[in-house]
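Reader: I am new to this structure. Please take one part of it and look at it closely. Then lead me from there through what surrounds it.

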Amino acid sequence: MDDSVQIRCHRCKSCFREKARRLQSGYSRQCISCETMLFFDDGSADKNIQRTLRDARRIRKELRDAEAVKFATSALVSSSREASSARSMTSGREE
């Protein structure tokens, strides 16, 4: 999964990408083309900034959900391995 968000500069209209983890309210970034400072704030009137922050929140949520699923699956696999190894140990003792 791509963890970056596309940003569009309000001055030069060029697009570049930034990691979604960094893009939160209060973050600032310089445009790579025209070197204008872009300030990311929830109350911004710029629609490009609002869309970027919304996309970053969505991607961060998807990454958290994917990580939780991965963690739950690995915990389930490890617990089933432990249970099967415990069964094999107890069956070996009975013989």
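Author: Start in helix α1, with D65 and K61. Both residues lie in this helix, 4 residues apart, which is about one turn of it. They form a salt bridge, and their closest N and O atoms are 3.1 Å apart. A salt bridge here is a side-chain nitrogen of Lys or Arg within 4 Å of a carboxyl oxygen of Asp or Glu. D65 is partly exposed, at a relative accessible area of 40%. K61 is partly exposed too, at 46%. The cut-offs are simple: buried is under 20% relative accessible area, exposed is over 50%, and partly exposed is in between (1.4 Å probe, protein chains only).

A word on the source. This is a predicted model, in which local features need pLDDT of at least 70 and side-chain atom pairs count only at pLDDT 80 or more, while totals for chains, interfaces and linings use all residues. Residues are numbered from 1 along each chain as its sequence is written, and side-chain values use heavy atoms, with hydrogens and water left out.

Now widen the view. Helix α1 covers residues 47-94. The protein has 1 helix and 4 strands. Read from the N terminus, the order is β-β-β-β-α.

Which residue does R57 meet in a salt bridge? The partner is D42, with the closest N and O atoms 3.4 Å apart. R57 sits in helix α1 and D42 in the loop between β4 and α1, so this pair links distant parts of the chain, 15 residues apart. R57 is partly exposed at 41%. D42 is partly exposed at 49%.

Another pair sits towards the start of the chain. D2 forms a salt bridge with R17, and here the closest N and O atoms are 3.1 Å apart. D2 lies in the segment before β1 (4-8) and R17 in strand β2 (residues 15-19), so the pair ties together parts that are 15 residues apart in sequence. D2 is partly exposed at 46%. R17 is partly exposed at 43%. D3, K19 and R21 are linked in a network of salt bridges. The structure holds 9 salt bridges in total.

Next, the strands that follow. Strand β3 (residues 27-30) pairs with strand β4 (residues 37-40) in the antiparallel sense, over 4 bridges. Pairing requires DSSP to find at least two bridges between two strands. Across this pairing, R29 stands opposite L38 in β4.

The hairpin of β3 and β4 has 6 residues between the strands. One of these is E35, in the loop between β3 and β4. Its phi is positive, about 65°, although E35 is not a glycine. E35 is exposed, at 57%. K13 also has a positive phi near 65° and is not a glycine. K13 belongs to the loop between β1 and β2. It is partly exposed at 44%.

Is T36 buried or exposed? T36 is buried, with a relative accessible area of 14%. Its side chain makes a polar contact with the side chain of R11, at 3.0 Å. Such a contact is a pair of N or O atoms within 3.5 Å; within protein, one must be able to donate a hydrogen and the other to accept it, and residues adjacent in sequence count only if both atoms are side-chain atoms. Beyond its neighbours within four places in sequence, T36 is in contact (heavy atoms within 4.5 Å) with H10, R11, R29, Q30 and C31.

The structure holds 0 disulfides, a disulfide being two cysteine sulfur atoms within 2.5 Å. C31 is in none; the nearest cysteine sulfur, that of C12, is 3.7 Å away. C31 is buried, at 2%. The sulfur of C34 is 3.6 Å from the closest cysteine sulfur, in C9, which is too far for a bond. C34 is partly exposed at 22%.

Last, the whole protein. Buried residues make up 23% of the 95 residues. Of the contacts with a separation of 6 or more, 34% join residues 24 or more positions apart. The protein exposes about 6900 Å² (Shrake-Rupley method, 1.4 Å probe; for residues, only the protein chains shown count as cover), and carbon and sulfur atoms supply 51% of it.

Technical notes. Helix = DSSP H or I, 4+ residues; strand = E, 2+ residues; numbered from the N terminus.
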